[in-house]
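Work through the exercises below with the sequence and the 3D view side by side. Try each task before reading its solution.

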Amino acid sequence: MFQDFQTPAYAGFWIRVLAYVIDSLVMMAVSCPLGILLGVGVVATGADQNSDSATFTNGASNLVSLIIGWLYFSLLESSSWQATIGKKAVGIRVTDMNGNRISFGKATGRHFGKLLSSLICAIGFIMAAFTEKKQALHDMLAGTLVVRGSAASVAYNPPPPPDFGYGGSSREGWPPGS
């Protein structure tokens with residue numbers, strides 16, 4: 001009648017580090033060619049490296065990289081994958097506290113919460129090695145968990161509705177007294 005409740009297998013610190021390394025390589029594959037193109041553009045104009053146009057281009061490049069990172073992490077973690085490419089590669093995913101897919105807003109909060117996790121020698125990230133549910137600071141702030149297993153492997157199948165004895169499986173005798 002009831003489904004067995006299983007405690008999720010939380011993803012530990014080192015598997016999360018490996019996923020982040022893979023994600024960093026993916027981000028570099030996107031950001032480096034963009035940076036090279038912007039750099040070639042500045043050099044082609046003959047502008048001095050300390051000029052206002054070079055400073056503006058550097059700032060624009062940093063802003064574009066920030067937006068690409070935000071969209072990469074937030075869109076993928078809120079997608080049906082529930083994981084970035086790195087997380088998918090190592091078999092982990094991001095969920096809410098009930099094991100459900102997170103929204104784009106929650107994924108955005110989680111992503112920018114990583115800024116707090118990185119402060120003070122990355123203690124916020126290291127917390128994932130010592131907390132009961134393997135949560136880093138940004139996971140606690142966003143109300144998320146990182147668990148092992150793909151999203152498809154843990155689909156919830158609700159039990160059938162109860163039969164109150166009003167005509168069995170057919171609709172005879174419904175409503176009661178008819």
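## Exercise 1: a kinked helix

M28 has its place in helix α1; helices (H or I, at least four residues) and strands (E, at least two) are DSSP runs, numbered from the N terminus. This is a predicted model, in which local features need pLDDT of at least 70 and side-chain atom pairs count only at pLDDT 80 or more, while totals for chains, interfaces and linings use all residues. Residues are numbered from 1 along each chain as its sequence is written, and side-chain values use heavy atoms, with hydrogens and water left out.

Task: describe the course of α1 and the setting of M28.

Solution. 

1. Helix α1 has a kink of about 25 degrees, centred on M28.
2. Check the accessibility of M28. Buried means under 20% relative accessible area, exposed over 50%, and partly exposed in between (1.4 Å probe, protein chains only). M28 has 47% relative accessibility and therefore counts as partly exposed.
3. List the buried residues of α1: I15, R16, A19, D23, M27, S31 and V42.
4. Look across the chain from M28. Its C-alpha atom is separated by 9.7 Å from that of S65, which is 37 residues apart along the chain.
5. Finish at the end of the helix. Just after α1, G46 has a positive phi of about 75 degrees.

## Exercise 2: aromatic rings

Task: find the aromatic pairs that involve W70 and say which rings form one cluster.

Solution. 

1. Set the rule. Rings of Phe, Tyr and Trp (its six-membered ring) pair if their centres lie within 6.5 Å; planes under 30 degrees apart count as stacked, over 60 as edge-to-face and the rest as tilted. By this rule there are four aromatic pairs.
2. Take W70 with F104. Their ring centres are 5.8 Å apart with 55 degrees between the planes, a tilted pair. This pair links distant parts of the chain, as W70 is in helix α2 (residues 52-77) and F104 in helix α4 (residues 104-126), 34 residues apart.
3. Check how open these two residues are. W70 is partly exposed at a relative accessible area of 23%, and F104 is partly exposed at 32%.
4. Take W70 with F112. The centres are 6.4 Å apart and the planes are at 40 degrees, so this pair is tilted. Again distant parts of the chain are linked: W70 in α2 and F112 in α4 are 42 residues apart. F112 is partly exposed, with a relative accessible area of 33%.
5. Join the pairs. W70, F104 and F112 form one aromatic cluster.

## Exercise 3: salt bridges

Task: trace the salt bridges around D139 and R110.

Solution. 

1. Set the rule. A salt bridge is a side-chain nitrogen of Lys or Arg within 4 Å of a carboxyl oxygen of Asp or Glu. The whole structure has four of them.
2. Begin with D139 and R16, whose closest N and O atoms are 2.5 Å apart. The pair links D139 in helix α5 (residues 137-142) with R16 in helix α1 (residues 13-44), 123 residues apart. D139 is buried at a relative accessible area of 0%, and R16 counts as buried at 14%.
3. Move to E77 and R110, where the closest N and O atoms are 3.1 Å apart. E77 lies in α2 and R110 in α4, 33 residues apart. Both residues, E77 and R110, are buried.
4. R110 is in α4 and D139 in α5, so the pair ties together parts 29 residues apart in sequence.
5. R16, E77, K87, R110 and D139 are linked in a network of salt bridges.

## Exercise 4: the whole chain

Task: give the order of the elements and the share of buried residues.

Solution. 

1. Count the elements: the chain has five helices and two strands.
2. Read them from the N terminus on: α-α-α-β-α-α-β.
3. Turn to burial: 29% of the 178 residues of the chain count as buried.

How values were computed: Bend = angle between axes of the 7 residues up to and from the residue.
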